[in-house]
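I opened this model to look up its charged pairs and its surface. My notes follow in the order in which I took them.

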Amino acid sequence: MAVGNAAGPGFPTHPAIATLGKGRHSGAQPKLGKKGEWVPSPDDAGMIVQYARDLKSMLRIVRFDWGVATIDAALVSADGKALIVAGQCQRDFATFAQ
């Protein structure tokens, strides 16, 4: 499992991808801060990638659409049955509930 954020404007295709919400990429370019750290963009999209046990292939991708939400932290529940994520709502978050 990998959790992070994509900057876009493109996203790799995959047969098992689920996109949450309906956003748009405004064309903002990814930026790095003075110390090389990632500077969040209003276009960022949180994503979760589930890999095969051998890590040779991706089984499933779940992502927020551009500008819907980002993921800042994640943890697996004690019983291993749930992934809990925390992050930031973006400008198009309201579309997530539609």
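I began with Asp65, which counts as buried at 13% relative accessibility (buried means under 20% relative accessible area, exposed over 50%, partly exposed in between, with a 1.4 Å probe and protein chains only). The model is a predicted one, in which local features need pLDDT of at least 70 and side-chain atom pairs count only at pLDDT 80 or more, while totals for chains, interfaces and linings use all residues. Residues are numbered from 1 along each chain as its sequence is written, and side-chain values use heavy atoms, with hydrogens and water left out.

I placed Asp65 in the loop between strand E6 (58-64) and strand E7 (73-76). Strands (E, at least two residues) and helices (H or I, at least four) are DSSP runs, numbered from the N terminus. I then listed what Asp65 touches, leaving out residues up to four places away in sequence: Thr19, Leu20, Gly21, Lys22, Gly23, Asp44 and Ala45. Contact here means heavy atoms within 4.5 Å.

I found three salt bridges in the structure, each defined as a side-chain nitrogen of Lys or Arg within 4 Å of a carboxyl oxygen of Asp or Glu. Asp65 pairs with Arg63, with 3.8 Å between the closest N and O atoms. Arg63 is buried too, at 6% relative accessibility.

I turned next to Arg91, whose side chain meets that of Asp43 in a salt bridge at 3.2 Å, N to O. Arg91 lies in the segment after strand E8 (83-86) and Asp43 in the loop between strand E4 (38-39) and strand E5 (45-51), so this pair ties together parts 48 residues apart in sequence. I noted Asp43 as buried, with a relative accessible area of 0%, and Arg91 as partly exposed, at 36%.

Arg91 also forms a salt bridge with Asp92, where the closest N and O atoms are 3.3 Å apart. Asp92 counts as buried at 16% relative accessibility. I recorded Asp43, Arg91 and Asp92 as linked in a network of salt bridges.

Which residues form a nonpolar patch on the surface? I wrote down Met1, Val3, Val76, Leu83 and Val85, with about 420 Å² of accessible area together. Such areas come from the Shrake-Rupley method with a 1.4 Å probe. Patches take residues with over 30% relative accessible area and no salt bridge, and nonpolar side chains are joined within 5 Å. Met1 sits in the segment before strand E1 (2-6) and is exposed, at 59% relative accessibility.

Conventions
Patches are made of residues with over 30% relative accessible area and no salt bridge: like charges are joined within 9 Å, nonpolar side chains (Val, Leu, Ile, Met, Phe, Trp, Tyr) within 5 Å.
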